[in-house]
Every structure is written in structure tokens, then in C-alpha cells.
Amino acid sequence: MPEMRMRDALREALREEMLRDETVFLMGEDIGAYGGSYAVTKGLLEEFGEERVKDTPIAESGIVGVGIGAAMAGLRPMVELMTINFSFLALDQIVNSAAKLYHMSNGQINVPMVVRMASGGGSQLAATHSHSLEGLYAHFPGLKVVCPSSPADAKGLLKRAFRDDNTVIFIEHTANYGLKGDVPDDPDFLIEFGQANVLREGSDVTLVGYSGSVHQATRAAVMLQEQEGISAEVIDLRTLRPLDIDTVIRSVQKTNRAVIVEDDWKFGGFAGELSAQIMERAFDWLDAPVARVCGKDVPMPYNRNLEFAALPSEEDVVEAVLAMF
Amino acid sequence: MDISNDTLLDLHHRMVRIRLFEEEAGKLQESGKVPGALHLYVGEEAVAAGVMSHLSAEDQITSTHRGHGHLVAKGGDLRKMYAELYGRSTGYCKGKGGSMHISDLDLGMLGANGIVGAGPPIAIGAAFSNKYRGTDRVTICFFGDGASNEGTFHEAANMAALFKLPVVFVCENNGFGEFTSQARHQAIKDVADRAAGYGMPGIITDGMDVLAVYEAAGEAIARARRGAGPSLLECKTYRFFDHVGVRGMGVVYREDAEVLEWRKRDPITLFESRLEEMGLLTTEAAAQVRERILFEIREAIAFAEASPFPAEGALMEDIYTVRGAAR
Ligand SMILES: Cc1ncc(C[n+]2csc(CCOP(=O)(O)OP(=O)(O)O)c2C)c(N)n1
């Protein structure tokens with residue numbers, strides 16, 4: 001299995017799906033000649049040509065809408081939005097059309113489109129460029145929401161997204177693009193949606209994360225083991241919709257404690273949903289209230305120290321775990 | 001054109017102040033002292049200077065992600081600007097906004113904006129307020145050729161003309177949206193063409209010639225002030241540096257020859273020779289202007305570097321205003 005970075009794994013997924021299916025085409029700002037803001041599409045214009053790798057004007061609402069129409073008319077578009085923050089300009093198209101058309105049209109219309117976008121802070125780009133709002137998209141019935149945390153997952157999940165007949169919101173954490181890992185080169189390598197990944201087994205507490213926050217959770221698990229002798233299980237949700245709640249519940253029934261880690265704001269965020277589901281299904285197994293370690297409820301500040309303080313850290317996770325014992 | 005010697009020298013001063021501010025900011029970034037993303041304005045100085053020279057602090061502007069030049073030209077405090085780039089608590093946004101989000105309400109600067117195309121509707125709102133309250137204030141909306149493809153621009157342009165608002169859309173057409181040339185992002189050559197579709201005049205001017213900008217902006221602003229409605233002024237210009245940061249040459253998305261061609265028409269050099277011909281400026285005098293500004297800049301950078309970082313407790317402040325609480 002070749003080792004590669006997540007951005008390269010994503011590119012491999014795009015390449016393979018384009019080779020497999022002629023109806024797949026890519027659209028986005030600076031994805032062609034420039035190769036994408038995070039270099040995911042680099043080289044694809046040269047390989048597939050301008051009809052299949054389309055540089056677009058800066059027009060998020062427009063290009064997502066074009067994607068929807070193209071999907072309705074027989075193509076499988078992948079629309080890249082530079083960041084999740086800019087996806088708000090396209091929110092109407094995503095929510096009022098892509099997510100709802102199947103239901104509203106008596107099943108006549110479905111929108112097989114993949115919308116990729118980057119999320120996450122940590123680069124001092126401040127509040128218009130740094131948020132993680134995966135949970136926002138998970139809120140809308142009709143959308144599938146995928147948040148990979150590793151190169152192999154990124155590839156398997158992105159390939160799977162192209163085989164879906166629904167709109168898939170595919171969110172990539174900027175801190176993950178450079179991560180290295182072994183990635184299967186089998187062109188049929190797919191990772192099913194709704195299958196959480198138990199990254200580390202443990203018996204005392206369950207740490208749940210996805211995308212970027214999986215890594216804080218994993219580092220916290222190591223610290224807990226080494227410094228406190230606490231055995232933490234780490235679960236990577238991989239997809240928020242569909243949500244593999246069963247894996248989480250099984251784990252909580254074993255460990256009796258759960259901490260949810262996410263970059264997104266705490267108030268009204270996905271961690272709240274997950275916490276409620278754990279409470280509904282595993283209340284009797286819990287030895288402590290479910291804890292949430294999330295981003296602070298504040299627009300992302302520019303200053304390095306403040307930005308760091310606004311994001312959840314492994315120390316925050318450790319602290320939350322210790323408070324449960 | 002009727003233009004006083006003082007105004008001519010002031011235009012020069014504004015341009016040089018922007019240039020030096022940006023060059024120093026670029027150096028600070030390259031040396032790792034200033035983080036984040038800096039979208040520098042070098043090459044486009046004539047636009048900000050030529051427009052801003054008609055405005056008072058009462059008049060407003062909406063800016064873009066490439067906003068330093070606008071604020072410097074409007075009289076921005078260089079100390080607070082550098083302090084913001086450094087992420088210090090003495091900065092314009094207490095270190096919370098950074099390069100892309102600096103505003104100064106006292107100067108009518110409604111904000112740089114990290115979201116492309118966010119400015120136009122905001123400018124229309126400010127213009128709406130100015131008309132509503134019976135003032136003769138004017139609002140200038142700066143935007144790029146790239147931003148002219150966002151729906152928000154079109155929605156704003158339509159409303160500006162429909163409501164006959166005192167606003168001037170100033171398009172800084174530098175030929176690129178990030179790394180995509182204009183020819184690859186729109187089928188027209190002149191963004192000014194779009195004005196007709198909304199029922200307002202569209203004017204094209206040489207954005208490297210500060211006097212041309214000054215004159216065209218003067219007319220559009222006067223028109224807005226007297227209640228005759230909005231216009232769109234397109235300034236053909238060029239960014240000498242990269243989309244973000246300094247480099248700018250030896251990049252894949254444009255030819256060095258093209259950069260050099262535009263650099264021959266450096267707005268500051270062009271204007272300096274004009275001023276020399278007019279007997280208003282000598283090489284020595286120009287050097288003195290630079291020295292004075294560099295002095296101001298060095299002092300501002302020292303201020304920034306000596307300023308504290310925001311306190312930890314500042315994180316959860318400034319989310320809601322308490323101003324309205326008493327009402
Ligand atoms: C809504 C949105 N989409 C994309 C971006 C990323 N972006 C930042 S600047 C820029 C190009 C803007 O081009 P233009 O308006 O011509 O201004 P210029 O950079 O040339 O001054 C892009 C695409 C953004 N900040 N906001």
C-alpha cells in the first residue's frame with residue numbers, strides 16, 4: 001500500500017472516479033490551472049481537460065446551483081468550495097434545492113453531487129476563514145455529511161461519495177491535508193457511510209471525534225494512558241449523516257463515560273446531538289454526564305494565543321476526562 | 001481639471017504612504033514577524049488615493065480582503081494597523097480581526113472583508129442610511145473584477161440604481177481573481193459594461209494614473225452627492241505582488257513579461273515624473289517624502305512590537321454589544 005498525504009489520497013479518489021465514470025466532472029474556483037487552494041486537484045486539468053475540470057468564477061451560490069442542475073440532467077458533479085465559510089453563500093442552493101428536491105418531487109429528482117470544502121482553524125486567518133461547521137450540514141435531512149480524518153479514509157469515503165445518488169457534503173479539515181498514511185490502491189476501495197471507526201480500544205472512557213478532532217482525542221488517549229493509567233477508547237465517526245450511533249453506544253456501555261470532541265462551536269452544535277442520543281440510549285450505563293469539549297462560542301480570533309484558546313486541545317480533553325472520575 | 005498644488009502633493013503622499021506601508025508589511029511577513037494572509041495593494045495605489053482624496057471622514061467606504069491601501073489612503077492610523085497585523089491588543093481590532101478585517105468607523109471605513117462580494121450590499125445599506133437621514137454623504141464600494149461575479153454585487157448594483165442611492169462602485173480591475181485571469185472568469189473585458197444592465201453610468205479609467213482616477217471619481221462622487229444616483233467606475237490596474245504575500249514574479253499563472261510591462265507604468269513613478277515636469281517635485285523632495293513616511297512607519301512598527309498581546313480573558317469579550325442595553 002503506498003503511503004501518501006491526505007491531499008494526494010483525495011486526488012487519487014477524484015482521478016479514479018473520473019476514469020471510472022465519464023459523467024464525473026469537477027468545478028470550482030482555481031481548481032484547474034492553479035490546482036486548488038489546497039492542491040487537491042493539481043494536475044487533473046492537464047490529465048482530463050477543461051470540460052471535466054472547470055475553473056469557475058467566484059460565485060459560490062451559482063456554481064453549486066449549476067452542480068445541482070447538472071446532476072439533475074445526468075452528470076455527477078464535484079463542486080469544490082474553497083472553505084466551509086464561503087459555502088454559506090451557497091447555503092440556499094444546498095439546503096433549499098439539493099437537500100429537498102428528492103422529497104419535494106415525489107422522488108422524481110435526485111441530486112448526485114459531491115460538494116467538497118475545507119474546514120478548520122489554526123492558521124490565523126480569523127473569523128471569516130477559520131470555522132468548522134460540519135454539524136450545520138448534518139442538521140439538514142437530505143444531505144449526507146462526510147468528515148474524514150486520515151488519508152485512507154479520505155480516499156475510501158470520497159470514492160464512496162461518487163457512488164451515492166444523493167448530495168454528499170464532504171468536509172476536509174485543513175490540518176489533515178498534510179497527514180501521511182498508507183492508502184489502498186485498489187480502484188474498488190470504498191468505505192461505507194455510517195460506519196464509525198474504533199481507532200483505539202479502551203475500557204474507561206469513550207472519546208468521540210471526527211475530522212480534525214479525532215487527532216486531539218487520540219493524543220489525549222495517549223496522555224491519559226501514560227500519565228493517569230486511564231484507558232480511553234477513541235471513535236472516529238467518519239460520517240455525521242448517516243451517523244453510526246450503535247458503535248458509540250456499544251462503546252459507552254463498555255466504558256460508562258463519553259467525551260465528545262469537536263472544533264465547532266458548542267452551543268447548538270453536533271456534540272449536543274450526539275450527547276442527547278447517548279443519553280437517550282445509554283442513560284443507565286453512564287457513570288457521569290456526557291462531556292463536550294468544543295470550540296469556544298466566539299468568532300475565531302486572529303491572534304495566535306486567542307485562536308489556540310478558542311480551539312479544543314488534547315489538554316482540554318484530558319481535563320474533561322479527569323473530571324469524570 | 002482644476003486641481004490645486006496641495007491636492008497634487010497630497011495625492012502623491014497618499015500613494016507613497018500606501019506603497020511603503022505595504023512593502024514593510026510584506027517584509028514583516030517574510031521575516032515571520034507577521035502571520036496570517038496579507039493581500040497587498042502594491043501597484044494599485046492610484047485607485048485608493050485618487051478616490052479617497054475626494055472624501056471626508058464622514059463619507060464611508062466598504063473595502064475588500066485587499067484593504068490596507070484603502071484605510072491608509074483614508075488616513076488610517078499606521079500604528080493601529082501594524083499592531084493589528086501583529087495581533088496585538090492595541091490594534092484596530094484588538095488583535096482579533098487581522099489584515100482581512102480591519103475597520104475604523106471614525107474614518108468611515110466600514111471594514112475590510114474576508115468574504116469576497118460581502119461589501120457591495122453593505123455599501124448600499126450605508127448609502128441608504130445616508131439618504132434616509134438627509135445627509136450629503138457618499139459611500140464608496142471597492143470591489144475586484146473577481147468579486148463582480150458574485151451575486152451580491154449584482155443584487156447591490158440593482159438596488160443602488162433602483163433606490164437612486166449616493167454610492168459609487170469602484171472596481172479595482174487588476175486582471176485577476178486570485179490566480180484566474182479576467183479572460184478566464186468573465187466573458188466581458190470591461191466590468192463597467194455591467195453598469196448599463198442596472199441603469200447607471202459605467203466609466204472606465206486608467207487605474208495607474210492617479211489624476212485620471214481623481215477626475216473620474218470626482219465626477220461620480222459629485223453626481224452621487226447631488227442626488228443623481230450611483231455610478232460604476234472601473235479602474236484598470238494591476239497588482240505587482242502575488243495574490244497573497246510578496247513574490248509576484250516567476251509564478252505560473254501570469255507571465256513575468258506582463259508584470260514588467262505593468263511595472264513600467266508604476267503609478268507612483270508615473271506621477272512623480274508628472275509632478276517633476278510641473279515643477280512641483282524634485283528627486284530630493286520625493287526622497288524626503290519617503291523618509292518622513294518611513295519614519296512614521298518605523299515608529300508605528302516599534303509601537304506594534306512593544307504592544308501586548310490580548311489578555312487571555314479577551315477571548316470571550318466583544319461578542320455582543322452592551323450599548324443597546326440601556327435603551
Ligand atoms: C466568498 C469568497 N469566495 C472565495 C474567497 C477566496 N478569495 C479570496 S480573494 C479572492 C479573489 C478575489 O478577486 P478580486 O475580487 O478580483 O480581488 P483581488 O484579489 O484581485 O484584489 C478569492 C477567490 C473568499 N475570500 N470569499
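Q: What makes two strands a pair in this predicted model, and why do E1(B) and strand E2 of chain B count as one?
A: Two strands pair if DSSP finds at least two bridges between them. In chain B, 3 bridges join E1(B) to strand E2, residues 139-144, and the two run parallel; because at least two bridges are required, E1(B) and E2(B) count as paired. Within these strands, Thr62(B) stands opposite Cys141(B) of E2(B).

Q: Why are strand E1 and strand E6 of chain B called edge strands?
A: The open sheet in chain B has 5 strands in the order E1-E2-E3-E7-E6, with parallel pairing. Strand E1 (60-62) and strand E6 (202-206) each pair on one side only, which is what makes them the edge strands. From one strand to the next, the twist averages 20°.

Q: Why is the ligand site said to be shared between chains?
A: The ligand is surrounded by residues from chains A and B, and therefore the site is shared between them. The surrounding residues number 22, and the closest are Val116(B), Gly144(B), Gly146(B), Ala147(B) and Gly177(B). By class, this shell has 8 nonpolar, 8 polar and 6 charged residues.

Q: How do you know that chain B is in contact with chain A?
A: Residues are in contact if their C-beta atoms, placed from the backbone, lie within 7 Å, and by that criterion 33 residues of chain B are in contact with 26 residues of chain A. The side of chain B that touches chain A comprises 14 nonpolar, 14 polar and 5 charged residues.

Methods: Residues are numbered from 1 along each chain as its sequence is written. Chains are lettered from A and ligands numbered from 1 in the order in which they are written. This is a predicted model: local features need pLDDT of at least 70, side-chain atom pairs count only at pLDDT 80 or more; totals for chains, interfaces and linings use all residues. Two residues are in contact if their C-beta atoms, placed from the backbone, lie within 7 Å. Ala, Val, Leu, Ile, Met, Phe, Trp, Tyr, Cys and Pro count as nonpolar, Asp, Glu, Lys and Arg as charged, and the others, Gly among them, as polar. A residue is near a molecule or strand if its C-beta atom, placed from the backbone, lies within 6 Å of it. Helices (H or I, at least four residues) and strands (E, at least two) are DSSP runs, numbered from the N terminus. Axes are lines fitted to C-alpha atoms, for helices over the stretch in contact, and angles run from 0 to 180 degrees between N-to-C directions.
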